[in-house]
Amino acid sequence: MIVAIAGAHGKIALRLIPLLVEQGHSVIGLIRNLDHASDLSERGASPVLCDLEQAAVEEIALAIKDADAAVFAAGAGAGSGVERKFSMDRDGAIKLLGAAIQVGAPRYVIISSVGAEDPPRADDAFSVYLRAKAAADAAVMASDREWTVLRPGGLTDEPGTGYVRLSPEPYRERVARDDVAVVLAKLLPDKRASGHVLYVNGGEVPIDEAIESALRG
């Protein structure tokens, strides 16, 4: 499978890329800073310069033209203003979705956030971020793609444990980015994950077992 990752230099994506390569997948890594290209190449991805905020859907489609799957792992970042929550976290995800439809990539996975299921109406940056995520998720879920929405809790850079809590019910706890990347790498090629919204947090269940339990129904 050829997987296109938007936000390929992000903390989760950099962990995800080598896992996908190890599984035998090819990875197209979309970046907006050429200085990040070597980091992707070292992990086995093919870097492609494409700024989702500036590019039209047709340009993004050209960048991912051979992809079988698209992963939205991009984000405006904690220090960004309110406007970029919409231009990146919402509009970037929706443009990548449009590009995936154009090129016929059936699989689409979006990294969202706990709280997007019922975002607050306040005007602070985090509330706006959750509303932007909610809008992006809604567009993905309304599409004809084989979609999965993954909503992590509070992300940490602590070493992964290999254990998580994976559930369709909203729940917020801390979770290592290492573990989120492993969950993503396993969900992406699993057809049973299509049409699921899943919350991932730190837990006490081995990742493989947690996935089996979450997808069994």
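Biologist: Okay, which helix is Ile94 found in?

Modeller: Ile94 is in helix α4; helices here are DSSP runs of H or I with at least four residues, strands are E runs of at least two, and both are numbered from the N terminus. Bear in mind that this is a predicted model, where local features need pLDDT of at least 70, side-chain atom pairs count only at pLDDT 80 or more, and totals for chains, interfaces and linings use all residues. Residues are numbered from 1 along each chain as its sequence is written, and side-chain values use heavy atoms, with hydrogens and water left out.

Biologist: Why is Ile94 called partly exposed?

Modeller: Buried means under 20% relative accessible area, exposed means over 50%, and partly exposed is in between (1.4 Å probe, protein chains only). Ile94 has 33%, so it is partly exposed.

Biologist: And what does Ile94 touch, leaving out residues up to four places away in sequence?

Modeller: Ala135, Ala136 and Ala139, where contact means heavy atoms within 4.5 Å. Ile94 and Ala139 are 45 residues apart in sequence, yet their C-alpha atoms are 6.8 Å apart.

Biologist: What makes Asp190 buried?

Modeller: Its relative accessible area is 17%, so Asp190 counts as buried. Asp190 belongs to the loop between α6 (177-187) and β10 (196-202).

Biologist: How do you know that Asp190 and Arg192 make a polar contact?

Modeller: The term needs a pair of N or O atoms within 3.5 Å; within protein, one must be able to donate a hydrogen and the other to accept it, and residues adjacent in sequence count only if both atoms are side-chain atoms. The side chains of Asp190 and Arg192 are joined at 2.8 Å, and that qualifies.

Biologist: Which residues line the largest cavity?

Modeller: Leu16, Val71, Val109, Leu184, Leu187 and Leu188. That lining divides into 6 nonpolar, no polar and no charged residues.

Definitions and conventions:
1 Å grid on protein atoms, 1.4 Å probe; cavity = no way out; pocket = protein on both sides within 12 Å on 5 of 7 lines; lining within 4 Å. Nonpolar A, V, L, I, M, F, W, Y, C, P; charged D, E, K, R; others polar.
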